[in-house]
Amino acid sequence: MYHAWLVPLLPALSFAVISLLTKQWKWLSATISIGAMVSGFIIAAFIAVGVLQHPGLINHPLVYSLRWLSMPGFKVDAGILLDPLSAMMLFMVTLVASLIQIYSLGYMRGEKGFSVFFAYMSLFGASMLLLVAASNLLELFVAWEGVGVCSYMLIGFYNHKISAREAAKKAFVTTRIGDTGLLLGLLSLQLIFGTLNIADLAQKIPQFQNIPLLITVAVLFFLGPVGKSGQFPLHVWLPDAMEGPTPVSALIHAATMVVAGVYLVGRMLFMFASVPPVMELVAWVGGFTAIFAASIAITQREIKRILAYSTISQIGYMMLGLGVGSLSAGFFHLWTHAFFKALMFLGAGSVLIGLHHKADVWEMGGLIKKMPITAVTFVVGGLAISGIPPFAGFWSKGDILDATLASGHTVLFVIGSFTAFLTAFYIWRMIFLCFFGKENPENHPQESPLVMTIPLMILALFSTVAGLIGTPWWDVWGRYIHFGTYVPPVANWPLMIGDTLLGALGIYAAYLFYCKDREKTKALAARQWFGGRLYDVLYHKYYLDELYMWFNHSMVDGVARLMYLFDIYVVDGIVNGVGAFTVAAGEGLRVFQTGRLQNYALVFFLGVLAVGVLLAFTGPHATLFLGGVR
Amino acid sequence: MDWSLMDIEIATAVLGLGLLVLGLIVPHNARRGLGWLTVLGLAGILALSIGTWSHQGSLYGGMYIVDSYSTFFKEIFLTAAILVTLGSMRYVDEQVGYQAEYYGILVFATLGMMVMASAGDFITLYLGLELMTIAFIILVALRKTDGKSVEAGIKYVLLAGLSSAVLLFGLSLVYGLTGTVNIIRIALLLSRGAFPPVLILGLVLLVAGLGFKISAVPFHMWAPDVYEGAPTPITAFLGTGSKAASFAVVLRLFTAGFSGVWANWTLMVAILAAVTMVVGNLVAIPQTNIKRLLAYSSVAQAGYILVGVVTASPAGVKAVLFYAFIYVFATVGAFTVVANVFAQTGSDEIRDYAGLSQRSPLSAAMMLFALLSMAGIPPLAGFAGKFYLFATVIQGYPWLAVIGLVMSMVSVYYYLRVVLVMYRDEPLDPSPITLSSPVALTMVIAMVATLVIGFYPGPLANVTDLAARSFFVLR
């Protein structure tokens with residue numbers, strides 16, 4: 001367990017080696033990157049076993065750190081914090097990342113910048129792993145920004161496409177809004193408590209009395225997760241982030257980075273739990289985002305966009321779980337979601353490769369015949385997310401709804417349940433449109449190579465069984481990952497049956513609309529009645545992007561224009577002037593460098609003279625010196 | 001008398017003599033092995049110095065001081081010497097010849113630096129200084145058939161002589177006024193108050209003499225010409241070892257010897273530091289030759305290090321030690337790249353570095369690390385170094401810290417210009433540049449050190465802190 005620091009370090013080294021040395025050799029670069037990640041996974045697996053053998057870590061995490069920065073009044077330790085939570089994250093991230101990198105061997109084959117892609121993936125892995133293992137919030141913030149930068153670079157990976165560049169910019173700017181809040185929150189914590197060590201804060205914060213101040217800090221803090229995890233109203237970047245290569249979408253924008261916000265809230269739950277109003281806020285933001293994004297997902301046409309909104313919605317679930325105080329349920333969903341969402345994204349990537357990047361689900365159909373492995377694994381993912389037992393999503397989603405109801409949030413429970421129905425509906429809408437029904441004669445699909453389908457199969461396996469470690473009858477999960485005292489779960493039969501029925505109902509509705517009679521549905525969507533209007537609103541994502549753009553154009557651009565004038569006439573003038581002066585000064589001073597020895601000697605003695613005069617006038621004994629020897 | 005205090009120096013002298021003798025014995029074609037022998041010997045001495053880290057004491061009634069401060073400086077010299085030797089093996093074999101003389105005299109230069117770091121009085125100080133200077137004069141002019149090298153040698157002889165004369169004059173003035181050459185005793189005398197103002201003249205001459213060695217403006221004029229003409233590895237050693245040794249003397253003289261008259265010289269050193277930073281960085285901008293660019297950058301670096309001298313405090317000494325150490329890796333790394341590129345392309349012009357990232361990724365990466373570290377960009381070591389340096393003056397001389405920061409930004413301009421050429425431009429001649437294994441080893445060591453110290457400056461900061469404290473204890 002003391003080797004946990006190797007887990008982030010290996011991919012970091014891999015990034016350095018690839019970008020500095022082996023960039024020309026594609027396969028070597030990919031091997032290094034995958035090798036580093038798989039080694040990290042092996043270490044993480046041992047760590048996980050170690051953590052399971054030491055239940056004492058649940059309440060007393062293992063922390064080891066180094067003094068990173070130290071100056072009077074400010075000390076920062078950097079290190080590793082190991083408890084079941086971080087061990088689980090290390091295990092999950094390394095596993096999913098390894099599989100996705102292997103998959104990328106097939107997906108990225110022949111793309112320009114193959115090595116660079118793997119270098120970025122390694123850097124991302126390193127940042128993400130450091131984020132989950134960090135023992136100090138400043139260290140965590142560094143990693144947090146690191147994943148942000150990697151996300152930016154990978155979304156804009158196809159930088160010859162304008163849309164990719166725009167999406168990268170949008171992602172960066174939108175998350176920055178949240179990051180600013182997070183940074184302010186961090187600074188406040190440092191000012192108030194004098195430390196950013198998570199373990200120390202866990203001791204100090206629950207005893208802190210000034211609740212209004214703590215509320216402010218917690219709300220600022222929460223902005224970071226809202227941005228990073230794509231929660232309402234900062235979710236707008238996530239669907240656009242699908243411009244990146246599909247493995248990136250799977251790794252970063254589905255399975256790992258976007259849950260960094262959830263992780264941070266979970267990590268700092270001791271802070272949020274001491275301010276109940278903020279907990280309410282977290283729960284409501286989560287619940288609202290869940291239903292909001294699910295409703296948009298119903299009408300989207302691009303396969304990856306549907307999955308993107310589904311991700312937003314599922315992360316909303318996780319936040320909901322945390323907000324009602326159940327660390328266990330929130331993270332259980334994070335755990336299962338990582339597998340089935342990565343699975344579905346990679347499946348979508350496989351479909352895109354098979355159809356030469358045709359992304360509209362309405363133009364697909366009947367793919368199951370030509371792409372059986374992709375289709376079957378995708379269906380497994382669909383069953384998992386819809387909450388059909390015994391697939392993984394059933395257990396985790398059930399836990400969240402159970403916790404919501406148990407904490408007395410009836411409205412949120414209803415919202416959550418309805419979202420469960422919507423989820424099953426839109427996911428199966430996509431599945432029916434893609435894989436079932438009539439084949440589109442324009443398509444000539446082909447099953448993807450094994451290097452891509454094997455990761456799919458492994459993920460499908462995990463999507464099936466990952467939930468079995470947290471059932472009411474065998475609750476390993478809850479025993480290790482929980483907040484406060486551990487309450488053994490009881491099987492809530494009505495809820496479990498109800499969940500299953502809701503999921504099944506969603507699937508059946510999707511079957512009616514999109515498998516049995518899809519032409520009629522198409523017509524329905526196009527008609528200009530109330531439902532059609534609603535469809536438009538949903539399709540345009542509640543016009544939020546338009547609203548933001550309007551705000552941007554009218555307000556931000558207006559101010560920006562003023563600033564711009566100031567910038568070109570005042571700032572640029574100064575900057576250019578300084579630049580020109582600097583260069584001219586350099587040229588001017590160069591004149592003295594004649595190459596002649598006599599001149600050098602002369603300058604030397606002039607220097608002696610100058611220093612003498614300088615000393616004479618600056619020292620306290622200047623007058624004495626001028627007056628000669630006493 | 002405890003001779004074991006001088007273990008390191010004795011071993012170094014034996015190594016140097018042994019190399020010279022071996023050069024006479026071994027046949028011509030076997031002399032290439034001398035480089036490895038030098039590296040092994042120096043590495044052994046470095047290990048010895050780490051083992052004797054805690055030795056404290058003085059010899060000959062205070063003429064020779066051994067403390068953690070001097071030992072740390074000796075470790076800097078040894079590290080620099082090892083890296084320079086590693087990096088110069090192929091260069092010496094192909095471009096210079098005279099392996100035995102080259103390595104032997106290089107070791108003697110190191111010995112001179114060690115004597116300087118441990119000097120407790122003016123005589124020892126001057127002895128060490130001249131041993132180092134004369135060794136360097138030979139090394140600079142070693143490429144006898146190359147006009148530039150000879151010119152550099154002549155310039156260095158004359159101007160070094162000049163600066164030595166000035167320094168000696170200053171030393172004799174101080175001796176005449178205090179009646180002693182022992183630095184500690186001078187410190188005691190001066191701290192009692194009244195002293196004749198001619199002492200100020202002595203200080204001026206000392207500053208000029210030592211300012212020459214550290215290439216502080218306006219005593220820096222020799223540096224670009226000599227740096228350009230000298231064999232490149234020697235340039236690296238001039239820029240690191242010689243400079244660090246001179247800083248060891250400056251600190252010993254000013255923070256220990258003249259601390260009683262601190263108020264008289266602090267502002268002058270501050271102004272010198274400012275001028276050196278400004279001129280070094282500005283003149284570096286129009287340079288087109290990489291060695292001249294690095295020479296001016298080295299002038300600028302001397303300015304940064306001088307900032308640590310201004311306050312004469314343990315924090316300042318610590319910062320100087322820290323920076324001198326990390327500066328070794330960046331400078332030797334950069335010059336090793338230059339030497340290797342020159343060995344294969346015959347050019348030191350920056351435009352011939354176009355596409356270096358394709359021709360030799362490791363060389364380009366080394367250069368990138370070195371330049372960014374010198375510019376003080378996190379997370380490389382130079383950032384931590386500059387942080388410690390500027391932090392010492394933030395209280396007393398905030399304007400100096402501001403100048404340092406602004407000039408660091410200016411430096412980014414010309415450093416990045418080289419990076420752009422290396423990484424963006426297409427090479428005219430795409431043939432790869434090969435690296436011999438010792439050269440590659442130098443680069444890897446320098447890069448790893450620059451990165452690791454940058455990420456985690458804690459241990460080095462602790463060591464330098466201890467060394468700085470030992471310095472003040474003895475006083």
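Predicted model: local features only at pLDDT ≥ 70, side-chain atom pairs only at ≥ 80, totals over all residues.
# A tour, starting at a chain B loop

Select B:Pro218 to begin: this residue sits in the loop of chain B between α8 (198–213) and α9 (222–229). Helices (H or I, at least four residues) and strands (E, at least two) are DSSP runs, numbered from the N terminus.

Residues are numbered from 1 along each chain as its sequence is written, with chains lettered from A and ligands numbered from 1 in the order in which they are written.

Next, go to B:Pro379, in the loop between α15 (361–375) and α16 of chain B. Here the cis peptide bond runs from B:Pro378 to B:Pro379, and its omega is near 5 degrees.

Now pick B:Tyr60, which lies in the loop between β1 (57–59) and β2 (64–66) of chain B. Although B:Tyr60 is not a glycine, its phi is positive, at about 50 degrees. Is B:Tyr60 buried or exposed? B:Tyr60 counts as exposed because it has 11 C-beta neighbours inside 10 Å. (Buried means 20 or more other C-beta atoms within 10 Å of the residue's own, exposed 12 or fewer, partly exposed in between, with C-beta atoms placed from the backbone.)

Then try B:Ala312, in the loop between α12 (290–310) and α13 (314–345) of chain B. Another non-glycine residue with a positive phi, B:Ala312 has a value near 50 degrees. With 20 C-beta neighbours inside 10 Å, B:Ala312 counts as buried.

**Two helix pairs in chain B**

Select residues 99–118 and 122–140 of chain B: these are α4 and α5, whose axes come within 7 Å and cross at roughly 155 degrees. (Axes are lines fitted to C-alpha atoms, for helices over the stretch in contact; angles run from 0 to 180 degrees between N-to-C directions.) α4(B) and α5(B) are therefore roughly antiparallel. (Under 35 degrees is roughly parallel, over 145 roughly antiparallel, 65 to 115 roughly perpendicular, the rest oblique.) Residues of α4(B) including B:Phe108 and B:Met113 meet a set in α5(B) that includes B:Leu125 and B:Phe136. (Contact means C-beta atoms, placed from the backbone, within 7 Å.)

For the second pair, show α16 (residues 381–393) and α18 (residues 437–455) of chain B, with axes that come within 6 Å and cross at roughly 50 degrees. That makes α16(B) oblique to α18(B). B:Ala381, B:Phe383 and B:Ala384 from α16(B) meet B:Thr450, B:Ile453 and B:Gly454 from α18(B).

**Across to chain A**

Show both chains together: 37 residues of chain A are in contact with 38 residues of chain B. Which helix gives the largest share of the chain A side? That is α26(A), with 15 residues. Among the other elements supplying at least two residues each are α1 (6–22) and β1 (62–71) of chain A.

Colour chain A by element to see 27 helices and four strands. Of its 630 residues, 51% are buried.

**Into the cores**

Finish at A:Leu90, A:Val96 and A:Ala342, the residues with the most contacts inside the largest nonpolar core, which has 200 residues. (Such a core is a set of buried Ala, Val, Leu, Ile, Met, Phe, Trp, Tyr and Cys residues joined through C-beta atoms within 7 Å.) Leaving aside neighbours within four places in sequence, A:Ala342 is in contact with residues including A:Val96, A:Ala250 and A:Leu459. A second, separate core of 197 residues includes B:Leu83 and B:Tyr327.

How values were computed: Contact = placed C-beta atoms within 7 Å.
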